[in-house]
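Subject: Structure handover

Hi,

Here is the structure I promised to pass on. Have a look at it first, and then read on for what turned up.

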Amino acid sequence: MNSRADQLKAFDRLLTIMDELREQCPWDKKQTMETLRHLTIEETYELGDAILEDDLEEVKKEIGDLMLHMVFYAKIGSEKKAFDIADVCNGICEKLIHRHPHIYGDVTVKDEAEVKRNWENLKLKEGRTSVLEGVPNSLPALVKASRIQEKVAGVGFDWERPEQVWEKVEEELNEFKVEVEKGDVDAMEDEFGDVLFSMVNYARFLNINPENALERTNKKFKKRFEYLEQKAKGLNKDLKDMTLGEMDVFWEEAKKQ
């Protein structure tokens with residue numbers, strides 16, 4: 001691994017290249033925070049994919065892409081005389097020190113849960129009016145549900161045991177079933193949302209990340225379906241012309257791969 005001096009030298013190199021690109025490259029000169037935003041989101045998802053694939057070489061590359069974006073935003077901020085990369089780094093350092101009084105102060109904690117509770121309480125003291133204020137509205141619904149539950153649990157609003165959460169899951173499933181039998185689509189959607197929310201809560205108690213779990217299933221399904229398509233192609237058949245039974249044979253083969 002590189003020394004701290006080498007790490008700082010590499011970061012300085014990136015800052016220098018960013019300065020040069022912003023001054024000399026036609027594309028880089030035109031970019032704004034708004035034009036970079038969607039690209040940053042895309043890069044974040046690519047990093048997420050690399051992490052799920054446990055591809056550390058790709059993780060390294062994607063971290064680099066995201067770091068470039070952070071440096072880019074800081075460069076634009078400096079051009080606007082609003083902030084620069086030093087302000088960004090110092091800001092997060094001060095936040096980390098303030099929110100870790102058990103490391104940088106005289107507070108004693110017994111476990112991770114207490115650290116989380118202190119973290120949320122400190123944020124409220126900083127002026128936030130709600131523990132949910134830091135949950136972005138634009139988050140995907142599944143991720144948002146998970147973050148909401150983590151936030152409220154951080155201040156003690158939580159179930160005590162996993163069995164209680166599972167009972168809630170069963171309760172919501174029964175309520176969903178009732179609405180399905182009635183055929184009211186709006187009510188079904190409402191109850192289905194409750195089922196998903198309670199399942200996300202149960203996953204948290206089992207230390208399962210629901211977003212990761214669903215994405216693993218997505219990838220698994222995709223690979224199996226692509227195997228099915230390849231097999232059908234090898235037989236010069238179109239999937240829409242095959243029976244479900246014929247397709248199921250290849251699906252079972254795919255599961256064994």
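A residue counts as exposed when its relative accessible area is over 50%, and as buried when that area is under 20%. Please keep in mind that this is a predicted model.

With that cut-off in hand, let me start with N236, which sits in the loop between helix 11 and helix 12 (244-256). Its relative accessibility is 74%, so N236 counts as exposed. The backbone of N236 is worth a look too: phi is near 55°, a positive value in a residue other than glycine. As background, most residues other than glycine have a negative phi.

D54 can be read alongside it. This residue lies in the loop between helix 3 and helix 4, and phi of D54 is also near 55°, again positive in a residue that is not glycine. D54 has a relative accessible area of 60%, so it is exposed as well.

Is K123 buried or exposed? This lysine belongs to helix 7, and its relative accessible area is 4%, so K123 is buried. Which residues does K123 touch, leaving aside its neighbours within four places in sequence? They are R99, R128 and K151.

Now for the overall picture. Along the principal axes, the C-alpha atoms fill a box of roughly 65 × 50 × 40 Å.

A few totals for your notes:

- Buried residues account for 24% of the 257 residues.
- The protein exposes about 18400 Å², and carbon and sulfur atoms supply 55% of that area.
- Of the contacts with a separation of 6 or more, 52% are between residues 24 or more positions apart.

The largest pocket has a volume of about 1100 Å³. It is lined by 36 residues, and S146, R147, E150, N209 and P210 lie nearest its centre. The elements that give two or more residues to this lining are helix 3 (33-52), helix 7 (112-125), helix 8 (141-153), helix 10 (185-205) and helix 11 (210-234). Helix 3 supplies the largest share, with nine residues. By class, the lining of the largest pocket holds 16 nonpolar, nine polar and 11 charged residues.

The second largest pocket has a volume of about 290 Å³. Which residues line the second largest pocket? They are A10, F11, L14, K60, I63, G64 and M67. Helix 1 (4-24) and helix 4 (56-79) are the elements that give two or more residues to the lining of this second pocket, and the largest share, four residues, comes from helix 4. Five residues of that lining are nonpolar, one is polar and one is charged.

That is the tour. Write back whenever you like.

Best wishes

Methods
Residues are numbered from 1 along each chain as its sequence is written. This is a predicted model: local features need pLDDT of at least 70, side-chain atom pairs count only at pLDDT 80 or more; totals for chains, interfaces and linings use all residues. Side-chain values use heavy atoms; hydrogens and water are left out. On a 1 Å grid over the protein atoms alone, a cavity is a set of points where a 1.4 Å probe fits but cannot get out, and a pocket is an open set with protein on both sides within 12 Å along at least five of seven lines; lining residues have an atom within 4 Å of a point. Grid points are joined across faces, edges and corners, and a volume is the space filled by probe spheres set on the points. Ala, Val, Leu, Ile, Met, Phe, Trp, Tyr, Cys and Pro count as nonpolar, Asp, Glu, Lys and Arg as charged, and the others, Gly among them, as polar. Buried means under 20% relative accessible area, exposed over 50%, partly exposed in between (1.4 Å probe, protein chains only). Contact means heavy atoms within 4.5 Å. Accessible areas come from the Shrake-Rupley method with a 1.4 Å probe; for residues, only the protein chains shown count as cover.
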